[in-house]
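Here is a short report for a first look at this protein. Please keep the sequence and the model in view while reading.

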Amino acid sequence: MGSYPEEEVDDDEFAKLIRRMNPPRVVIDNDSHQDATVIRVDSVNKHGILLEVVQVLTDLDLFISKAYISSDGSWFMDVFNVTDRDGNKVWNKEIISYITKSLESDACFFPKLRSSVGITPSKEKTLIEVTGSDRPGLLSEICAVLATQLCHVDKAELWTHNTRVAAVLHVTDESTGGAIEDPERLSAIRKLLCNVLKGDNDSRTGKMTVSMGLTHIDRRLHQLMFDDRDYERVGMKAEVNDKSRPQVTVTDCLEKDYTVVILRSKDRPKLLFDTICTLTDMQYVVFHGTVSSGKEGAYQEYYIRHVDGLPISSEGERQRLIQCLEAAIERRASEGLELELRTEDRFGFLSEITRIFRENGLTIRRAEISTEEGKVVDTFYLSEMSGNPIDAKTIDLIRRQIGQTVLRVKQNPLLPSKPPEVGSTVSLIFGNLFRASFQSLR
């Protein structure tokens, strides 16, 4: 996912003429649908546009309940039904204006292939990326190393999946509040963290990179875990008829030379971003697609080809795509008890909190760490080291150690999935499907 060369923007005169004649158009409609805001995006087509659009909506914490995707030929058209995090239509004028300006900009519709994860030079923060074998207490050890090196974690996100772990951390120098620029100090941090990341009896040793810059964390985490091959279930027994796992099928559509991908899973925020991100970074193009999400589960159907214009031709490639899409869905799945911390920020706080979790026999499945206006806003997904749920006594003990008002236990159970009824997959190819799909979104 991270190995192919970056595609440059086509700046020849013909491309400029096409862009001037067909500028991107965004229509935001709050009248045609009773329960959702309908966003329609039209533009000339280019690989990566679909991900850029979904990324803009997802970064605004908007939930995409339905979508129709069409990028056949030289034209790109998407329709999305979206709501805010509370399930309401999007009425905020600032958000509507931001969506329109972002999606109609050339930066969105004519990006470099990996521009959203390219390192943007910055003297404000140092970017640290780590991958390795997951184990209880790993984040605590990473934070302890950074604290001893007088590094403050301003923002971070950690994912675990299939015994692997990936994290992206934005750190600053405690003394200056800016990026860490001393090469010798950066080398020392790299050496210490690589020692922490070494796994026992694992051929895939831990990796770490240090860079001065900023990146889109979610997309970068997908790429780090993909590069670390977390989708490979080596030494693990295959689950038979496990309905809790995502169901991915990949078949041929011989009539139109497409590969058809169908995904069924539990619904959750950012699910569409995760699947589109994986397809895009694996160099697949979505030509047609329908998406439906709700309380009964999520259903996604895509007609794809490789960027070279060919459908999937081998069983090996088919199985690899299935594994990668399953992993993309599972990485962000909310495993364990969700705890939220809000308090005044101070140096070493993250190291202290993660140490308390470790000393109480808890392991971190996923973490989102941020600092807003001098306050820590952290979310952790925890379980016992054995994998069992956390009992009430342990929760009470942690709250006494951290502070009753600082720690909040959040309950977000996911309902069992039941994929909605869908019609024949082949019908998506024909012209009358566009009208039917668009009417269903209204």
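Which residues are buried in α7? They are Ile217, Asp218, Arg219, Arg220, Leu221, His222, Gln223, Leu224, Met225 and Phe226. Buried means under 20% relative accessible area, exposed over 50%, and partly exposed in between, with a 1.4 Å probe and protein chains only.

## Basis of the model

This is a predicted model: local features need pLDDT of at least 70, side-chain atom pairs count only at pLDDT 80 or more, and totals for chains, interfaces and linings use all residues. Residues are numbered from 1 along each chain as its sequence is written, and side-chain values use heavy atoms, with hydrogens and water left out.

## Overview

The protein has 12 helices and 16 strands. These are DSSP runs numbered from the N terminus: helices are H or I with at least four residues, strands are E with at least two. Of the 442 residues, 51% count as buried.

Take contacts between residues at least 6 apart in sequence: 74% of them join residues at least 24 apart. Contact means heavy atoms within 4.5 Å. The accessible surface is about 21200 Å², and carbon and sulfur atoms hold 50% of it. Such areas come from the Shrake-Rupley method with a 1.4 Å probe; for residues, only the protein chains shown count as cover.

## The eight-stranded sheet

Eight strands form an open sheet in the order β8-β5-β7-β6-β14-β15-β13-β16, and the pairing is antiparallel. β8 (207–211) and β16 (407–410) are the edges; each has a single partner strand, so one side of each lacks a neighbour in the sheet. From one strand to the next, the twist averages 20 degrees. Two strands pair if DSSP finds at least two bridges between them.

Strand β5 (residues 126–133) pairs with β8 over five bridges, in the antiparallel sense. There, leucine 127 stands opposite serine 211 in β8.

## Helices on the sheet

Helix α7 (residues 217–227) packs on the sheet and touches β5, β6 (151–161) and β7 (164–173). Its direction makes about 135 degrees with that of β7. Axes are lines fitted to C-alpha atoms, for helices over the stretch in contact, and angles run from 0 to 180 degrees between N-to-C directions. In α7, 10 of the 11 residues are buried, so the helix is largely enclosed by the rest of the structure. Those buried residues pack against α2 (49–59), β5, β6, β7, α8 and α9 (315–331). Arginine 229 follows α7, with a positive phi near 60 degrees.

Helix α10 (residues 349–359) lies across β6, β13 (337–344), β14 (362–372) and β15 (375–384). It runs at about 20 degrees to β15.

## A covered helix

Helix α8 (residues 271–281) is mostly covered, with 11 of its 11 residues buried. Among them are Leu271, Phe273, Cys277 and Asp281. Just after α8, glutamine 283 takes a positive phi of about 70 degrees.

## Aromatic pairs

The whole structure holds four aromatic pairs. The rings of tyrosine 258 and phenylalanine 287 have centres 5.5 Å apart and planes at 40 degrees, so this pair is tilted. Rings of Phe, Tyr and Trp (its six-membered ring) pair if their centres lie within 6.5 Å; planes under 30 degrees apart count as stacked, over 60 as edge-to-face and the rest as tilted. Tyrosine 258 is in strand β10 (residues 258–265) and phenylalanine 287 in strand β11 (residues 284–294), 29 residues apart.

Tyrosine 258 and tyrosine 303 form an edge-to-face pair, at 5.9 Å and 85 degrees. Tyr258, Phe287 and Tyr303 make one aromatic cluster.
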